[in-house]
Amino acid sequence: MASFVSLSLSPSPLLNRCQWPPIRCERRVDLFNKNWHRRLLVLPLKCSSSGSGSGSGSGSGSGSPQDSEAEVETTISLPSSAGDLSYKLIAGIGGIGFLETAYLTFLKLTNSEAFCPIGGGTCGDVLNSDYALVFGVPLPLIGMVAYGLVTTLGLQLAGNNLPFGISKSNTQIVLLGSTTSMAAASACFLYILSTKFSGSSCSYCLLSALLSFSLFIITVKEFGWQKVQKEVGLQLLIASLVIITLNASYSNSKSVSSSFVDLPYYATEIATPSSPFAISLAKHLNSIGAKLYGAFWCSHCLEQKEMFGREAAEFLDYVECFPEGAKTGTKMIKACDDVKIEGFPTWVINGQVLSGVIELSELAEVSGFNESVQFQPS
């Protein structure tokens with residue numbers, strides 16, 4: 001058994017010329033299965049070209065005999081907000097990525113160290129390496145522009161507020177291309193992180209990759225698989241251009257010589273004894289703030305220390321530029337990078353930068369060492 005409920009709707013002001021038959025909405029109840037069934041019956045709508053229609057539903061309208069009636073079958077569609085929610089989600093994820101990359105861009109431009117909740121100092125090693133630059137442009141700055149574009153497109157599509165008369169389909173294609181390029185770049189960065197920085201962790205890199213892949217998946221789902229198949233050629237072209245651009249940029253990287261892949265830090269030993277002059281000069285250099293910058297794997301740095309000898313070298317203010325070891329892609333510490341070191345060893349004495357192995361006599365002259373003043377070794 002079933003119960004029926006009939007509803008009669010009054011004619012809309014926009015359809016004042018139409019004879020509006022009742023639209024019956026039936027709700028049936030199966031007393032045995034206790035299930036509810038709901039049907040919406042849409043009946044034909046008779047419209048005439050006359051200036052007025054009868055409101056009694058008699059089916060006759062006033063007007064000239066030449067006026068004809070036409071039956072129009074109407075449908076009622078319920079608006080769906082699923083697409084708007086997807087675009088709002090895209091805008092939200094893009095906003096998170098924009099804030100992250102804006103923070104990293106600020107750190108890059110101010111030469112500040114990044115706070116790494118996971119991974120410790122290795123996070124800074126990745127962010128300060130040459131892989132964080134694309135043809136000299138900071139990678140976080142490029143990411144900030146990309147996330148900003150995706151966020152803007154998501155907000156416009158969610159509100160159906162497209163500027164300059166751009167169609168929704170073209171805006172979706174731009175969004176698909178943007179998220180495709182971001183996903184391709186993230187895949188490259190994950191490969192570099194796993195091969196060039198094995199054992200290191202970068203929480204910012206992993207978060208950015210997660211955001212990029214999420215944006216790509218949501219965009220593809222909202223765009224529709226059938227439409228995506230038509231644009232697969234464009235996606236492959238964009239992904240290929242991203243990979244080629246990154247490879248071209250990183251092939252010119254000069255952060256660390258590629259002659260070694262992974263070189264852990266080790267301490268060097270000096271066997272040469274020191275002369276009184278070398279000890280006095282080393283103390284003088286230390287007293288005026290002179291610094292010696294070098295790398296543990298640099299043979300010329302060891303040669304410079306041997307010239308001073310074992311005892312005098314202990315008084316030198318020596319700065320190790322690779323205290324955590326060296327591998328392809330690792331960049332020297334900030335203290336060495338600030339000096340704009342072009343080779344090892346490098347001396348900075350009274351603001352003057354000297355590269356290469358320097359004779360002790362020249363160091364004494366540059367530093368203003370008075371040979372008449374003798375320092376006794378401690």
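Reader: Are C321 and C336 buried or exposed?

Author: Both C321 and C336 are buried. Buried means under 20% relative accessible area, exposed over 50%, and partly exposed in between (1.4 Å probe, protein chains only). This is a predicted model, in which local features need pLDDT of at least 70, side-chain atom pairs count only at pLDDT 80 or more, and totals for chains, interfaces and linings use all residues. Residues are numbered from 1 along each chain as its sequence is written, and side-chain values use heavy atoms, with hydrogens and water left out.

Reader: What makes C321 and C336 a disulfide?

Author: A disulfide is a pair of cysteine sulfur atoms within 2.5 Å. The sulfur atoms of C321 and C336 are 2.1 Å apart, so the pair meets that definition. The link is left-handed, with -95 degrees about the S-S bond.

Reader: Why is C202 called buried?

Author: Its relative accessible area is 0%, and the limit is under 20%, so C202 counts as buried.

Reader: Why is C205 called partly exposed?

Author: C205 has 24% relative accessibility.

Reader: What is the mean pLDDT of the protein?

Author: The mean is 77, and 70% of the residues reach 70 or more. pLDDT is the predictor's confidence in each residue, from 0 to 100. Over residues 45-80 pLDDT stays under 50. Where pLDDT is low, the predicted coordinates should not be read in detail.

Terms used
Contact means heavy atoms within 4.5 Å.
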